[in-house]
Structure formats: C-alpha cells, structure tokens
Amino acid sequence: MQSDLIAEVEETLKRIQSQKGVQGIIIINAEGIPIKSTLDNSSTVQYAGLLHQLVMKTRSTVRDLDPQNDLTFLRVRSKKNEIMIAPDKDYFLIVIQNPSD
Amino acid sequence: MEIVYEYVKKRSEFGRPCNFSDRPADLHLDIQPDAELAACFFALDSRDVGMQCAADMSEHEVNTERIESESRGINHVEGGWPNNVNPQEIEHTMRFRKKVEKDENYIKAILKLGTQMEYSIKQNNTIDIYEEYFEEEQVEEEEMTDAKEQPAAKTINVFRDPNEVKRTASSLSWHPDGNHKLAVGYSCLEFQRAAKGMSFDSYIWDIENRNQPELTLKPVSPLVSLEYNPKDSHILLGGSYNGQIAYWDTRKGGQPVEMSAIEHSHRDPVYKVIWLQSKTGTDAFSTSTDGQVLWWDIRNMKEPTERLVLDPSKKENLENALTAVSLEFETTMPTKFMVGTEQGLVVACNRKAKTPAEKIVCTYSGHRGPIYALQRNPFFPKYFLTVADWTARIWSEDIRESSIMSTTFDMAYLMDGCWSPVRPSVFFTVKMDGTVDVWDFLFKQNNPTLSLKVCDEALCSVRVQSNGRLLACGSQLGTATLLEISPGLYTMQRNERALANEMFERETRREKILEARLREIRLKERSRLEQVKEEEVQDAEGEESPEELIARAEKEFFQIVEAEIMKWKKELDSIRPTEMD
C-alpha cells in the first residue's frame with residue numbers, strides 16, 4: 001500500500017516537472033530543510049532559506065488580519081519567472097515556473 | 001546680625017523609626033521691618049516699562065547625532081537540521097531525507113499540494129493572469145502627472161572635509177562606470193591664504209558612506225583639479241597647486257604612482273586636466289594660469305609630449321600669453337579643443353596644426369571675467385556653454401563676436417557649470433552665494449527653472465553624474481553635497497532634441513543677422529568719418545589736445561544724462577496728474 005503511494009508521489013512530481021515552463025521543484029519541511037529538489041544544491045539552499053521565511057511571514061499576516069483565515073497558496077511573480085508556493089501544515093511545495101507568454 | 005538656629009536631636013533618638021505625622025508650623029525667626037532702613041529708600045511714582053504682548057521664545061540648537069555605520073559581512077551556515085544530523089555529512093542528510101520521504105504525512109501532503117500546484121501551473125500556461133489591460137492609458141496618465149510635477153531637488157548626502165582646517169572642494173569627478181564613487185580634490189585657491197597646518201589630502205568618497213572617505217590621496221601639494229580616466233576607472237589624474245601633474249592608481253593606494261618633473265611642469269596651479277581619447281588611454285593635457293597648455297603621456301611624466309603657449313600674437317611669448325583657467329575637449333572631435341582664459345576670451349585651437357602659430361584658430365570674446373567653466377553640449381557639439389562673471393552664455397562655433405544666448409546678469413558671481421548629459425537643453429550652474437541653478441532653455445529663458453540654496457558659503461564646483469539624476473557640488477568649506485533632481489529634469493521629453501536644435505539654430509541665425517547689420521553700420525560710419533575728416537583737413541583745424549577731448553566727452557556725457565532726467569521728469573509729471581484724477 002505504502003509503496004503504491006510513494007510511487008504516486010513520484011509520479012505527481014514528475015508530472016509537474018514535465019509541465020511547460022517549469023524550471024524547478026523544491027520540497028521543504030516546516031523547519032526549512034529541503035527534502036527533495038530538482039535544482040543544484042546551492043540554489044536549493046538559498047531558495048529554501050528565503051522562501052521559508054517568506055511563507056512564515058505571509059501566513060502570520062493572513063492570520064493576523066483574520067484569525068479564521070489561513071494561507072492556501074502564495075504566488076510571487078517577478079520579471080523573469082514566477083515562484084509558486086503551496087503550503088501545508090508540515091511541508092511546502094515550491095515550483096519555479098517561467099510563464100512562457 | 002547673626003541669624004542662628006540651633007537644631008537639637010537627642011542621641012537616643014538617632015536611628016529611631018520615623019514618625020510621619022502632621023504638626024503645626026513652628027516659628028523659628030521673625031524679622032520686623034526696620035524703620036531706619038526704610039528712610040534710605042523712597043517710592044517712585046510711575047515707571048515706564050516696555051511690554052510686549054507676545055509669547056516668550058527661546059532659541060535652541062539641536063544637532064542630530066552622527067551615526068557611524070560600518071559594513072560587515074555575515075557568514076551563513078546551513079541550519080535547521082535536527083541534532084543528530086550533521087549537515088556536512090552527505091550520508092546523514094541523505095538518510096534523513098529518505099526517512100522523511102517514507103513518512104505518511106509527507107505522502108498525503110505532497111499528493112494534496114501536487115494537485116493544487118498543477119492547477120496553478122496549467123492556469124499560467126493557458127492565459128496570462130497578470131495581463132495589463134489598459135497599459136497605454138496608464139502611460140499617458142504618468143506623463144501627465146510628470147508634466148504637472150514641480151521641478152525639485154533634494155539633498156541626499158553631504159560629505160564634509162574631515163580635516164580641522166577646511167579647504168575648498170575645488171574639483172569633483174564621478175567614477176566613470178557604476179557612479180558609486182566621487183573623487184573630490186581639495187585645495188585653498190585664495191592667494192597665499194593657505195593655513196599652516198592645512199592638509200594636502202584629497203579624498204575619494206563612496207556615495208553611500210558619508211562618514212569616512214573610501215580612499216585618501218596624498219599629493220605633494222593640494223590638488224586643484226582631479227579627473228578619473230574614462231577608460232580605466234582605477235586611474236586618476238590630478239593637477240596640483242604647485243604646477244605638477246600626478247597620477248594615482250586606486251589599486252596601489254594613496255601615494256601618487258608618478259609625478260611630473262617640476263622643471264617641466266606648469267609654474268602656476270594647474271586649473272584643469274583632461275584625459276584624451278587615445279589608443280593607449282594614457283594621454284592627457286593640462287592648463288594653468290601660466291599661459292601654457294601641456295600634453296602628457298602618463299607613462300613618461302618627466303617631460304610633456306607637447307607644449308603650446310597661448311599667445312594671441314602667435315609669437316610663443318610667455319609674457320604675453322593669456323592665462324587659462326579652463327579647458328574643454330570633446331571625444332567626438334579629437335583634433336579641436338578650447339581653452340577658457342582669465343581675460344574672458346575663449347580660444348579655440350587645433351591640435352593637428354603644423355606650426356605653433358597655426359594652433360590657435362580663433363578667439364571668442366564677450367565675457368567680462370575669467371571663464372571658469374567651458375563645455376560643449378553633449379548632444380550638439382557645435383554649441384558650447386561658458387560660465388564666467390555673472391552670466392552663463394551659450395555660443396555657436398561659427399559666431400565669434402558674441403554669444404547666441406545668455407542668462408540674465410545674476411546677483412552673485414557664477415563659479416562653475418555643466419550640461420546635463422541626458423537632456424540637451426538643461427544645464428546647471430553654481431554661484432558664490434551657495435545656490436545651484438538648474439536652467440532649462442526650452443522651458444524658461446529668463447530665470448532658472450529651479451534655484452536651490454545649498455549652503456551659506458560659496459559653491460565652487462559642480463558635476464552631474466552620467467545618468468543625469470545626481471548632482472554633486474563642492475563648496476568653499478570643503479563640503480560636497482549630493483543632490484537628486486526630480487524626474488522631470490532628467491527624462492527627455494518628446495522631440496526635445498529637435499526642439500533644442502531648432503532653438504539653437506534660430507538663435508545662431510539671429511546673431512548672424514545682427515552681426516551683418518552691425519558690420520553694415522560700421523562701414524557706413526567709417527565712410528562718413530572719412531568724409532568728415534577730409535572736410536576737417538580742408539578747414540585746417542589743429543587736432544584737439546587730449547584735455548579738450550576729455551572736456552568734450554564730459555560735456556556730451558552730462559548733456560545725455562540731463563536729457564534723460566528731463567525725459568523722466570516729464571513722464572513722472574504726466575503720470576501724477578492722472579493719479580490725482
């Protein structure tokens with residue numbers, strides 16, 4: 001059973017990676033440690049450290065404004081690419097995409 | 001009379017707990033008025049006292065504390081790993097990661113997040129959700145608000161001379177690329193007023209750090225002019241007060257790498273040095289009030305490579321020479337250069353002339369004082385700006401008699417000026433009363449578009465950064481102020497180049513017409529005078545002696561003055577009756 005699920009996780013990540021414009025995927029845990037990444041080590045560490053702080057700040061902002069509310073998704077659009085962060089209780093999934101338009 | 005009160009406390013009461021309680025007042029002493037003393041004084045009935053019904057004010061000076069800041073780096077080390085995992089060991093980290101991947105929570109979370117993420121990714125790929133729908137309208141709105149914006153400038157930073165004895169910041173030079181650094185040359189330009197303990201140092205400042213200069217240059221004599229090499233940003237050339245030229249390499253520290261030999265240098269302070277355009281990037285030329293222009297190759301500083309004496313009579317006579325205070329060279333026209341003199345003439349010279357006599361091509365006269373700044377318009381090199389006496393003038397190369405445009409005569413003496421490198425019709429001048437003027441000839445010609453008082457003492461030099469936004473001006477007490485000007489003054493308007501060109505051409509045409517007319521009148525006068533002279537000779541009257549000439553001139557002068565006074569009186573009289581009505 002578990003091995004099936006693990007295989008499914010692998011498949012999901014592969015699917016995301018194969019989407020158009022996706023430059024990299026990083027999975028970090030609640031402490032900011034990168035668990036899995038498709039980028040090189042130094043970039044991974046940099047992204048993990050910086051984005052972890054950003055998500056924490058964003059989440060606390062949303063909850064401060066309305067305690068019933070919570071952060072569901074975070075998109076950071078910049079000139080060169082877009083960083084999308086899907087937060088969960090214990091893990092964050094980060095995808096860097098180059099919108100091809 | 002002695003007033004003594006004995007305070008008594010028993011020894012046994014020392015150290016006792018205090019008893020705080022109310023008790024009635026105890027009269028210790030009563031002094032009655034002494035009638036005899038009263039006889040020495042008498043009462044004054046009324047007194048005159050000035051009163052003012054205004055709030056009492058007091059003056060305070062507060063100085064904010066200077067914060068010294070230092071830049072430091074931090075070394076980051078990876079953290080967040082749990083205690084048993086050593087981040088340096090790849091084995092440990094791999095094991096940790098594998099363990100996490102098997103965790104049930106992890107699997108659930110990733111599956112959920114994965115679907116969420118896929119939705120967003122696909123969304124991005126289908127349409128641009130951040131598309132700007134009304135972009136042109138936004139741009140138009142921006143332009144409109146810009147036009148209504150008042151031109152303004154604000155001080156960003158002030159660099160003070162760290163020495164006790166303050167010297168004038170006589171020259172400024174921006175770093176050629178990056179624009180983070182400003183080299184300021186300090187010297188005392190007043191004749192023999194340099195104080196004993198005056199330091200000779202000049203500094204290179206980093207514009208972010210105003211507490212400490214980035215590099216100190218230590219010349220043998222104070223630097224009057226200082227320039228960065230536009231090709232190699234580590235090399236600076238300085239002209240010093242004693243006439244020598246020296247060059248520094250910022251990688252090698254504050255001592256000059258080489259100095260010119262004193263026998264072959266200038267004999268007066270070197271007022272301007274400019275780098276030349278050459279393949280080696282090591283050529284420069286300098287000028288000073290001793291009347292010479294010298295060319296140097298910095299690799300060999302013992303002797304100048306070429307020498308030119310600014311003698312208008314073309315005889316290379318140093319005594320007759322015009323004394324130069326400013327120099328101009330445009331890299332797009334490498335054979336020509338111009339020298340601004342103390343006598344108020346601008347001399348245009350040709351470098352490639354064969355004989356020294358042909359070097360001096362022509363002179364432009366019209367200024368009444370030393371020409372402190374001379375610069376060609378970066379967009380239209382045919383027109384150049386001179387700053388001298390109480391005006392700034394724009395000249396065209398073709399017209400030698402007079403300037404094509406001039407600012408009105410100012411109250412204060414103008415000390416320096418320069419064109420804006422991004423807009424063809426904007427230039428900056430600084431005055432002796434400490435104000436910076438920004439002139440935009442397409443907008444307003446009579447007054448500066450913006451006039452800003454920077455400090456109380458005279459401002460002696462001004463330089464614009466190559467992006468046109470920052471302006472540095474140096475004052476007499478060694479303070480270099482960095483100003484940022486509002487966007488309206490450094491963004492080129494639509495068809496500004498064409499408009500500026502049109503305006504310059506129009507003014508040139510006007511001057512040409514005026515010149516032609518003047519020549520006509522002069523010719524007529526001359527022919528008339530010749531006729532009159534012939535008649536005089538026939539009359540055989542002796543020449544008037546000088547005294548009689550003076551008397552005649554005086555009489556004519558007073559006649560003219562009186563005629564003017566009568567005219568004004570008549571005008572005044574004609575106004576007054578209408579006022580009475």
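Predicted model: local features only at pLDDT ≥ 70, side-chain atom pairs only at ≥ 80, totals over all residues.
Chain A has 101 residues, and buried residues make up 43% of them. Its secondary structure consists of two helices and five strands, and from the N terminus on these elements follow the order α-β-β-α-β-β-β. Of the contacts in chain A between residues at least 6 apart in sequence, 38% join residues at least 24 apart. The accessible surface of chain A is about 5,600 Å², and carbon and sulfur atoms account for 52% of that area.

One charged pair in chain A joins Glu82(A) to Arg77(A) through a salt bridge, with an N to O distance of 2.9 Å. The two partners can be set side by side in terms of accessibility. Glu82(A) counts as buried because its relative accessibility is 0%, and the cut-off for buried is under 20%. Arg77(A), at a relative accessible area of 31%, is partly exposed.

The interface comes next. Here 38 residues of chain A are in contact with 32 residues of chain B. Ile35(A), Arg75(A) and Tyr91(A) supply 19% of the area that chain A buries against chain B, more than any other three residues. The area buried between chain A and chain B is about 3,200 Å², and 60% of it comes from carbon and sulfur atoms.

Polar pairs also cross this interface. The rule finds 13 residue pairs in polar contact between chain A and chain B, both residues being at pLDDT 80 or more. Which elements of chain A each supply at least two residues of the side that touches chain B? They are helix H1 (2–18) and the strands S1 (22–29), S2 (34–37), S3 (74–77), S4 (82–87) and S5 (91–97). H1(A) gives the largest share of this side, 10 residues. By residue class, the side of chain A that touches chain B divides into 20 nonpolar, six polar and 12 charged residues.

Two salt bridges are found across the interface of chain A and chain B. One salt bridge pairs Arg15(A) with Glu118(B), whose closest N and O atoms are 2.5 Å apart.

Over all chains the count of salt bridges comes to 33. Within chain B, one of them links Asp297(B) and Arg299(B), with the closest N and O atoms 2.8 Å apart. Asp297(B) is buried, with a relative accessible area of 13%. Another salt bridge, between Glu564(B) and Lys567(B), has its closest N and O atoms 3.8 Å apart. These two residues both lie in helix H7 (residues 546–580) of chain B, three residues apart, which is about one turn of the helix. Both are partly exposed: Glu564(B) has a relative accessibility of 34%, and Lys567(B) one of 43%. Salt bridges that share partners also join Glu11(A), Arg15(A), Glu118(B) and Lys122(B) into one network.

Several other polar residues of chain B are buried. Ser240(B) is placed in strand S7 (residues 235–240) of chain B and counts as buried at 3% relative accessibility. Its side chain makes a polar contact of 3.0 Å with the side chain of Asn242(B). A polar atom of the Ser240(B) side chain also lies 2.9 Å from the backbone oxygen of Gln244(B). Leaving out residues up to four places away in sequence, Ser240(B) touches Ser221(B), Pro222(B), Leu223(B), Val224(B), Pro269(B) and Val270(B).

Ser425(B) is in the loop between strand S22 (414–419) and strand S23 (426–431) of chain B, and at 1% relative accessibility it counts as buried. Ser425(B) and Asp440(B) are 15 residues apart in sequence, but their C-alpha atoms are 5.5 Å apart in space. Residues that Ser425(B) touches include Trp439(B), Phe441(B) and Leu442(B). A polar contact of 3.3 Å joins its side chain to that of Glu496(B).

Helix H6 (residues 496–539) of chain B holds Glu507(B), which is buried with a relative accessible area of 10%. The side chains of Glu507(B) and Arg510(B) make a polar contact of 2.8 Å. Beyond four places in sequence, Glu507(B) touches Ile404(B) and Met405(B).

The last site is a matter of backbone geometry. Most residues other than glycine have a negative phi. Asp389(B) is not a glycine, yet its phi is positive, at about 30 degrees. Asp389(B) lies in the loop between strand S19 (383–388) and strand S20 (391–396) of chain B, and it is buried, with a relative accessible area of 0%.

Terms used: Residues numbered from 1 in each chain as written. Chains lettered and ligands numbered in written order. Heavy atoms only, no water. Contact = heavy atoms within 4.5 Å. Buried area = accessible area lost by both parts, 1.4 Å probe. Salt bridge = Lys/Arg side-chain N within 4 Å of Asp/Glu carboxyl O. Polar contact = N/O pair within 3.5 Å; in protein donor to acceptor, adjacent residues only side chain to side chain. Helix = DSSP H or I, 4+ residues; strand = E, 2+ residues; numbered from the N terminus. Nonpolar A, V, L, I, M, F, W, Y, C, P; charged D, E, K, R; others polar. Buried < 20%, exposed > 50% of the residue type's maximum accessible area, 1.4 Å probe, protein only. Areas by Shrake-Rupley, 256 points an atom, 1.4 Å probe, with all protein chains shown as cover.
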